[in-house]
Amino acid sequence: LSLYYFSRNFKALTGHSFKEYLNIVRIANANRLLISTDLPITEIATECGFNSTSHFIVTYKNQQNTTPLAFRKKNKQ
C-alpha cells in the first residue's frame, strides 16, 4: 500500500486528507476534555496528541474559530 494510494483513497472516502481528519478527531477529543475535566490546556494538548500547546491552540482556533479557553468558559457546566 503506497502512501499516494492510501492518501487518494482516504480522501475519496472521507472528503478530508488524513492530516485534516486526524486533527478533526483530535479537536473533538479536546472538546470533550475541555467540557468534562479541569485539566490544564497544556495537558489536554498532550493528551490529544499535539507536540506543543501553541500548535494545539493554532489548530484549534483554525478549526473552531475560537480558543480552547474561550470554548471551555462558554461550555463549562
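# Five helices, questioned

Modeller: The chain holds five helices and zero strands. These elements are DSSP runs numbered from the N terminus (helices are H or I, at least four residues; strands are E, at least two). The model is predicted, so local features need pLDDT of at least 70 and side-chain atom pairs pLDDT 80 or more, while totals for chains, interfaces and linings use all residues. Residues are numbered from 1 along each chain as its sequence is written, and side-chain values use heavy atoms, without hydrogens or water.

Biologist: What pattern does the chain follow, and what box do its C-alpha atoms fill?

Modeller: The pattern along the sequence is α-α-α-α-α. The box is roughly 45 × 20 × 20 Å along the principal axes.

Biologist: How do you know whether the span of helix 1 agrees with what it should be?

Modeller: The expected span is 1.5 Å times one less than the number of residues. Helix 1, residues 3–14, has twelve residues, so it should span 16 Å. Its end C-alpha atoms are 16 Å apart, so the two values agree. Gly 15 follows helix 1, with a positive phi near 85 degrees.

Biologist: Why is Asn 23 called buried?

Modeller: Buried means under 20% relative accessible area, exposed over 50%, and partly exposed in between (1.4 Å probe, protein chains only). Asn 23 has 13%, so it is buried. Asn 23 lies in helix 2. Leaving out residues up to four places away in sequence, it touches Phe 50, Thr 59 and Gln 63. Contact here means heavy atoms within 4.5 Å.

Biologist: What makes Asn 31 count as buried?

Modeller: Its relative accessibility is 15%, so Asn 31 counts as buried. This asparagine is also placed in helix 2. Beyond four places in sequence, Asn 31 touches Tyr 60, Gln 64 and Phe 71.

Biologist: What do we call Asn 65, buried or exposed, and why?

Modeller: Asn 65 has 69% relative accessibility, so it counts as exposed. Its place is the loop between helix 4 and helix 5 (68–75).

Biologist: What makes Glu 20 partly exposed?

Modeller: The value is 39%, so Glu 20 also lies between the cut-offs. Glu 20 is found in helix 2. Its C-alpha atom is 9.8 Å from that of Gln 63, 43 residues apart in sequence.

Biologist: How do you know whether Ala 30 is buried or exposed?

Modeller: Ala 30 has 0% relative accessibility, so it counts as buried. Helix 2 holds Ala 30. Past four places in sequence, Ala 30 touches Ile 44, Cys 48 and Phe 56. The C-alpha atoms of Ala 30 and Ala 70 are 13 Å apart, at 40 residues along the chain.

Biologist: What makes a set of residues a nonpolar core?

Modeller: The members must be buried Ala, Val, Leu, Ile, Met, Phe, Trp, Tyr or Cys, joined through side-chain atoms within 4.5 Å. The largest such core here has twelve residues, including Ile 27, Ala 30, Leu 34, Ile 44, Cys 48, Phe 56 and Phe 71. Helix 2 (18–36), helix 3 (41–47) and helix 4 (53–64) each give two or more residues to this core. Helix 2 has the largest share, four residues. Nonpolar side chains tend to be buried together in soluble globular proteins.

Biologist: Which residues does Leu 34 touch?

Modeller: Beyond four places in sequence, they are Ile 41, Ile 44, Tyr 60, Pro 68, Phe 71, Arg 72 and Lys 76.

Biologist: How many residues does the chain have, and what share is buried?

Modeller: There are 77 residues, and 23% of them are buried. Among contacts with a separation of 6 or more, 48% join residues 24 or more positions apart. The accessible surface is about 5400 Å², with 57% belonging to carbon and sulfur atoms.

Conventions:
Areas by Shrake-Rupley, 256 points an atom, 1.4 Å probe, with all protein chains shown as cover.
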